[in-house]
Amino acid sequence: MGDYILVIGNDATDIFKHYNVSEMHGLSLLDAQAEEVDKTKGNGVYIYGLTNYDPADKKLTAKDPYKPFLFLNMGTFKKYSLTEQATAVMHETMHMSILLSNWNIKDKEEEAIGKAEEEANKIIAKLKGLNLLKK
């Protein structure tokens with residue numbers, strides 16, 4: 001979607017499969033495969049959405065060929081209301097806006113929020129077009 005890659009998955013493992021990795025950003029494929037999240041046993045990871053650098057971007061440039069990603073887990077998404085789904089998209093686009101601003105939005109707060117809103121609207125339209133959002 002321009003400055004980043006939108007990855008829409010069916011479950012939490014799809015982001016690992018997309019990048020063909022078993023670990024990234026402190027998360028593991030093994031935990032993403034867990035039937036349930038039980039932190040008392042130290043297993044499982046809850047991924048509703050995830051925004052971060054391409055795992056191959058070791059210098060954290062967020063530029064071609066290592067654009068950052070915004071991942072949405074539609075398996076979890078379908079459990080929530082349309083309002084909650086839209087809020088989750090906005091949550092992730094806000095993370096992306098801050099990442100693309102090099103984590104510095106001082107004196108650019110309105111610009112960063114506006115960019116997040118613009119991207120959220122694009123993603124929501126895309127999800128609606130794919131019939132992935134509740135009506």
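Analyst: Asn131 is the residue in question: just after α5, its phi is positive, at about 55°. The model is predicted, so local features need pLDDT of at least 70 and side-chain atom pairs pLDDT 80 or more, while totals for chains, interfaces and linings use all residues. Residues are numbered from 1 along each chain as its sequence is written, and side-chain values use heavy atoms, without hydrogens and water.

The helix itself covers residues 109-129 (helices are DSSP runs of H or I of at least four residues, strands runs of E of at least two, numbered from the N terminus). The 21 residues of α5 should span 30 Å at 1.5 Å a residue, and the end C-alpha atoms of α5 lie 30 Å apart, so the two values agree (the expected span is 1.5 Å times one less than the number of residues).

Next come the sides of the helix. Buried in α5 are Ala112, Ala116, Glu119, Ala120, Ile123, Ile124 and Leu127 (buried is under 20% relative accessible area, exposed over 50%, with a 1.4 Å probe and protein chains only). Viewed down the axis of α5, these buried residues fall within an arc of 145°, and therefore they line one face of the helix (the arc is taken over directions from the axis to the C-beta atoms). Turned away from that buried side is a face with the exposed residues Glu110, Glu111, Asn121 and Gly129.

Searching the whole structure gives 1 cavity of 30 Å³ or more (on a 1 Å grid, points where a 1.4 Å probe fits but cannot get out; lining residues have an atom within 4 Å of a point). The largest cavity holds about 40 Å³ of space (the volume filled by probe spheres on the joined grid points). Its lining consists of Tyr4, Leu70, Thr93, Met96, Ser97, Leu100, Lys115 and Glu119. Two elements, α4 (82-100) and α5, each give two or more residues to this lining. The largest share comes from α4, with 4 residues.

Terms used. On a 1 Å grid over the protein atoms alone, a cavity is a set of points where a 1.4 Å probe fits but cannot get out, and a pocket is an open set with protein on both sides within 12 Å along at least five of seven lines; lining residues have an atom within 4 Å of a point.
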